[in-house]
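Reader: I would like to learn how to read side-chain features in a structure. Could you take me through some of them slowly?

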Amino acid sequence: MPDSNRIRVGGTAWNGEAVLGSSMRIAWRWSPLASLLRFGYTANWQMTGGDTDLSGSATPGAGHIVLRDVTGQIDGTLLDAAAPGLPLSCRFLAQVQMSRLTLGGRNQLADGTLRSSPVHCTARAAVAGALDLPALRGTLMPVGGITTGALVTALSRQHLIEARLTSDGGLSVWATPELAARTPVLAGARYDTVVAW
(Lines give C-alpha, C1' and ligand atoms only; values in the text may rest on other atoms or scores of the structure.)
Protein backbone atom coordinates (compact mmCIF):
# COMPACT_ATOMS: atom_id res chain seq x y z
CA MET A 1 0.00 0.00 0.00
CA PRO A 2 1.11 3.62 -0.45
CA ASP A 3 2.96 5.21 2.46
CA SER A 4 0.20 6.23 4.89
CA ASN A 5 2.35 9.11 6.12
CA ARG A 6 2.19 10.70 2.67
CA ILE A 7 -1.39 9.94 1.62
CA ARG A 8 -4.66 10.99 3.27
CA VAL A 9 -7.93 9.42 2.14
CA GLY A 10 -11.54 10.55 2.57
CA GLY A 11 -14.94 9.44 1.31
CA THR A 12 -16.08 5.97 0.32
CA ALA A 13 -15.28 3.39 -2.34
CA TRP A 14 -18.12 4.86 -4.39
CA ASN A 15 -17.04 8.49 -4.30
CA GLY A 16 -14.04 10.00 -2.56
CA GLU A 17 -10.66 11.63 -2.76
CA ALA A 18 -7.10 11.33 -1.51
CA VAL A 19 -4.24 13.79 -1.12
CA LEU A 20 -0.71 12.61 -1.93
CA GLY A 21 2.09 14.58 -0.34
CA SER A 22 1.06 18.20 0.04
CA SER A 23 -0.19 19.03 -3.43
CA MET A 24 -1.62 16.11 -5.43
CA ARG A 25 -5.38 15.40 -5.22
CA ILE A 26 -6.95 12.19 -6.55
CA ALA A 27 -10.74 12.02 -6.85
CA TRP A 28 -12.69 8.91 -7.89
CA ARG A 29 -16.24 7.83 -8.66
CA TRP A 30 -17.53 4.28 -9.08
CA SER A 31 -18.39 3.31 -12.67
CA PRO A 32 -21.18 0.70 -12.70
CA LEU A 33 -20.89 -0.02 -16.43
CA ALA A 34 -17.10 -0.49 -16.40
CA SER A 35 -17.45 -2.67 -13.30
CA LEU A 36 -19.85 -4.96 -15.17
CA LEU A 37 -17.62 -5.13 -18.24
CA ARG A 38 -14.52 -5.93 -16.18
CA PHE A 39 -16.25 -8.25 -13.69
CA GLY A 40 -14.98 -6.22 -10.75
CA TYR A 41 -15.19 -2.88 -9.02
CA THR A 42 -13.91 -0.13 -11.35
CA ALA A 43 -13.78 3.61 -10.72
CA ASN A 44 -13.05 6.58 -12.94
CA TRP A 45 -10.45 8.87 -11.38
CA GLN A 46 -8.80 12.22 -11.90
CA MET A 47 -5.51 13.47 -10.45
CA THR A 48 -4.88 17.21 -10.17
CA GLY A 49 -2.29 19.45 -8.53
CA GLY A 50 0.26 21.91 -9.81
CA ASP A 51 0.05 21.61 -13.59
CA THR A 52 -0.96 17.93 -13.43
CA ASP A 53 -4.37 16.94 -14.82
CA LEU A 54 -4.50 13.20 -15.40
CA SER A 55 -7.44 10.80 -15.63
CA GLY A 56 -8.26 7.16 -16.28
CA SER A 57 -9.96 4.13 -14.75
CA ALA A 58 -8.82 1.90 -11.90
CA THR A 59 -9.68 -1.70 -11.06
CA PRO A 60 -8.22 -2.88 -7.72
CA GLY A 61 -7.56 -6.53 -6.99
CA ALA A 62 -5.97 -8.62 -4.25
CA GLY A 63 -2.76 -6.73 -3.56
CA HIS A 64 -2.69 -4.89 -6.88
CA ILE A 65 -4.39 -2.20 -8.94
CA VAL A 66 -4.83 -1.92 -12.72
CA LEU A 67 -4.98 1.56 -14.26
CA ARG A 68 -6.29 1.81 -17.83
CA ASP A 69 -6.64 4.54 -20.47
CA VAL A 70 -4.52 7.02 -18.51
CA THR A 71 -4.29 10.33 -20.37
CA GLY A 72 -3.52 13.95 -19.64
CA GLN A 73 -0.73 16.20 -18.48
CA ILE A 74 1.76 15.75 -15.66
CA ASP A 75 4.42 18.03 -14.19
CA GLY A 76 7.40 17.68 -11.91
CA THR A 77 5.38 17.99 -8.71
CA LEU A 78 3.85 14.57 -9.42
CA LEU A 79 7.31 13.01 -9.63
CA ASP A 80 8.29 14.71 -6.37
CA ALA A 81 5.16 13.44 -4.60
CA ALA A 82 5.33 9.88 -5.95
CA ALA A 83 9.09 9.36 -5.61
CA PRO A 84 10.54 11.65 -2.94
CA GLY A 85 13.66 9.48 -2.74
CA LEU A 86 14.89 10.41 -6.22
CA PRO A 87 18.17 12.34 -6.14
CA LEU A 88 16.86 15.00 -8.55
CA SER A 89 13.85 17.31 -8.44
CA CYS A 90 12.75 18.21 -11.97
CA ARG A 91 10.43 20.77 -13.52
CA PHE A 92 8.69 19.96 -16.79
CA LEU A 93 5.33 19.45 -18.46
CA ALA A 94 4.53 16.19 -20.25
CA GLN A 95 1.61 14.72 -22.15
CA VAL A 96 0.96 11.11 -21.12
CA GLN A 97 -0.92 8.28 -22.81
CA MET A 98 -0.85 4.93 -21.06
CA SER A 99 -3.07 2.05 -22.08
CA ARG A 100 -2.32 -0.01 -18.98
CA LEU A 101 -0.37 0.23 -15.71
CA THR A 102 -0.47 -2.62 -13.19
CA LEU A 103 1.01 -1.94 -9.75
CA GLY A 104 1.39 -4.53 -7.00
CA GLY A 105 1.14 -8.28 -7.18
CA ARG A 106 3.18 -10.57 -9.42
CA ASN A 107 2.34 -9.16 -12.84
CA GLN A 108 3.34 -5.52 -12.72
CA LEU A 109 3.70 -3.81 -16.08
CA ALA A 110 3.41 -0.50 -17.88
CA ASP A 111 2.54 0.29 -21.50
CA GLY A 112 2.51 3.89 -22.68
CA THR A 113 4.23 7.00 -23.99
CA LEU A 114 4.97 10.57 -22.97
CA ARG A 115 6.19 13.76 -24.63
CA SER A 116 7.74 16.44 -22.46
CA SER A 117 8.73 20.06 -22.61
CA PRO A 118 12.37 20.95 -21.88
CA VAL A 119 13.36 19.64 -18.44
CA HIS A 120 15.15 21.53 -15.66
CA CYS A 121 16.47 19.46 -12.72
CA THR A 122 18.27 20.34 -9.53
CA ALA A 123 19.99 17.95 -7.13
CA ARG A 124 18.26 17.40 -3.79
CA ALA A 125 21.65 17.25 -2.10
CA ALA A 126 24.06 20.04 -2.94
CA VAL A 127 26.46 17.78 -4.81
CA ALA A 128 25.76 18.92 -8.36
CA GLY A 129 24.56 21.91 -10.29
CA ALA A 130 21.44 22.22 -12.39
CA LEU A 131 20.71 19.83 -15.24
CA ASP A 132 18.89 21.14 -18.31
CA LEU A 133 17.57 18.75 -20.94
CA PRO A 134 15.73 19.37 -24.21
CA ALA A 135 12.21 18.15 -24.89
CA LEU A 136 12.00 14.38 -24.40
CA ARG A 137 9.99 11.42 -25.66
CA GLY A 138 9.44 8.39 -23.46
CA THR A 139 8.19 4.87 -23.98
CA LEU A 140 7.26 2.04 -21.64
CA MET A 141 6.70 -1.36 -23.22
CA PRO A 142 6.11 -4.79 -21.64
CA VAL A 143 8.25 -7.58 -23.05
CA GLY A 144 7.70 -10.93 -21.38
CA GLY A 145 7.83 -10.36 -17.62
CA ILE A 146 9.75 -7.08 -17.86
CA THR A 147 8.70 -3.56 -18.84
CA THR A 148 11.49 -1.61 -20.51
CA GLY A 149 11.54 2.14 -20.78
CA ALA A 150 13.62 4.89 -22.31
CA LEU A 151 13.72 8.67 -22.42
CA VAL A 152 15.21 10.08 -25.62
CA THR A 153 15.62 13.62 -26.89
CA ALA A 154 12.65 14.49 -29.09
CA LEU A 155 14.73 15.80 -32.01
CA SER A 156 17.95 13.77 -32.07
CA ARG A 157 16.59 10.61 -30.41
CA GLN A 158 19.64 10.50 -28.14
CA HIS A 159 19.06 8.02 -25.32
CA LEU A 160 19.43 9.69 -21.93
CA ILE A 161 17.63 7.50 -19.38
CA GLU A 162 16.81 3.79 -19.31
CA ALA A 163 14.36 2.07 -16.99
CA ARG A 164 13.22 -1.45 -16.17
CA LEU A 165 10.18 -2.63 -14.21
CA THR A 166 10.10 -6.34 -13.37
CA SER A 167 6.84 -8.23 -12.90
CA ASP A 168 7.48 -8.49 -9.14
CA GLY A 169 7.81 -4.71 -8.79
CA GLY A 170 11.55 -4.13 -8.95
CA LEU A 171 12.13 -0.72 -10.57
CA SER A 172 15.53 0.45 -11.82
CA VAL A 173 16.29 3.78 -13.51
CA TRP A 174 19.74 4.77 -14.71
CA ALA A 175 21.56 7.41 -16.72
CA THR A 176 23.04 6.36 -20.06
CA PRO A 177 26.61 7.24 -21.06
CA GLU A 178 25.12 9.99 -23.27
CA LEU A 179 23.53 11.66 -20.24
CA ALA A 180 26.64 11.11 -18.13
CA ALA A 181 28.63 12.96 -20.80
CA ARG A 182 26.34 15.97 -20.30
CA THR A 183 26.44 15.69 -16.50
CA PRO A 184 29.49 13.72 -15.27
CA VAL A 185 28.15 13.52 -11.69
CA LEU A 186 25.48 11.12 -13.01
CA ALA A 187 28.03 8.68 -14.43
CA GLY A 188 27.13 5.27 -13.04
CA ALA A 189 24.10 6.69 -11.23
CA ARG A 190 21.30 4.17 -10.74
CA TYR A 191 18.03 4.33 -8.77
CA ASP A 192 16.69 0.99 -7.53
CA THR A 193 13.46 0.56 -5.59
CA VAL A 194 10.45 -1.72 -5.26
CA VAL A 195 7.02 -0.55 -6.37
CA ALA A 196 4.58 -1.54 -3.63
CA TRP A 197 0.84 -1.21 -3.46
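Author: This is a predicted model, and we can begin with burial, where a residue under 20% relative accessible area is called buried. Ser172 has a relative accessibility of 8%, so Ser172 counts as buried.

Reader: Where does Ser172 lie?

Author: Ser172 belongs to strand 15, which covers residues 170-175.

Reader: Which residues is Ser172 in contact with, leaving aside its neighbours within four places in sequence?

Author: With those neighbours set aside, Ser172 is in contact with Glu162, Ala163 and Arg164, and also with Arg190, Tyr191 and Asp192. The side chain of Ser172 makes a polar contact of 3.3 Å with the side chain of Arg190, and another polar contact, of 2.5 Å, joins the side chains of Ser172 and Asp192.

Reader: How many aromatic pairs does a search of the whole structure find?

Author: The search finds 2 aromatic pairs. To read such a pair, one looks at the angle between the ring planes, and over 60 degrees counts as edge-to-face. In the pair of Trp14 and Trp30 the ring centres are 5.1 Å apart and the planes stand at 70°, so this pair is edge-to-face. The pair links distant parts of the chain, 16 residues apart, with Trp14 in the loop between strand 1 (7-11) and strand 2 (15-20) and Trp30 in strand 3 (residues 24-30).

Reader: Which residues do ring pairs link into a cluster?

Author: The cluster is made of Trp14, Trp30 and Tyr41, linked by ring pairs. As for accessibility, Trp30 has a relative accessible area of 36%, so Trp30 is partly exposed.

How values were computed
Residues are numbered from 1 along each chain as its sequence is written. This is a predicted model: local features need pLDDT of at least 70, side-chain atom pairs count only at pLDDT 80 or more; totals for chains, interfaces and linings use all residues. Side-chain values use heavy atoms; hydrogens and water are left out. Rings of Phe, Tyr and Trp (its six-membered ring) pair if their centres lie within 6.5 Å; planes under 30 degrees apart count as stacked, over 60 as edge-to-face and the rest as tilted. Helices (H or I, at least four residues) and strands (E, at least two) are DSSP runs, numbered from the N terminus. Buried means under 20% relative accessible area, exposed over 50%, partly exposed in between (1.4 Å probe, protein chains only). A polar contact is a pair of N or O atoms within 3.5 Å; within protein, one must be able to donate a hydrogen and the other to accept it, and residues adjacent in sequence count only if both atoms are side-chain atoms. Contact means heavy atoms within 4.5 Å.
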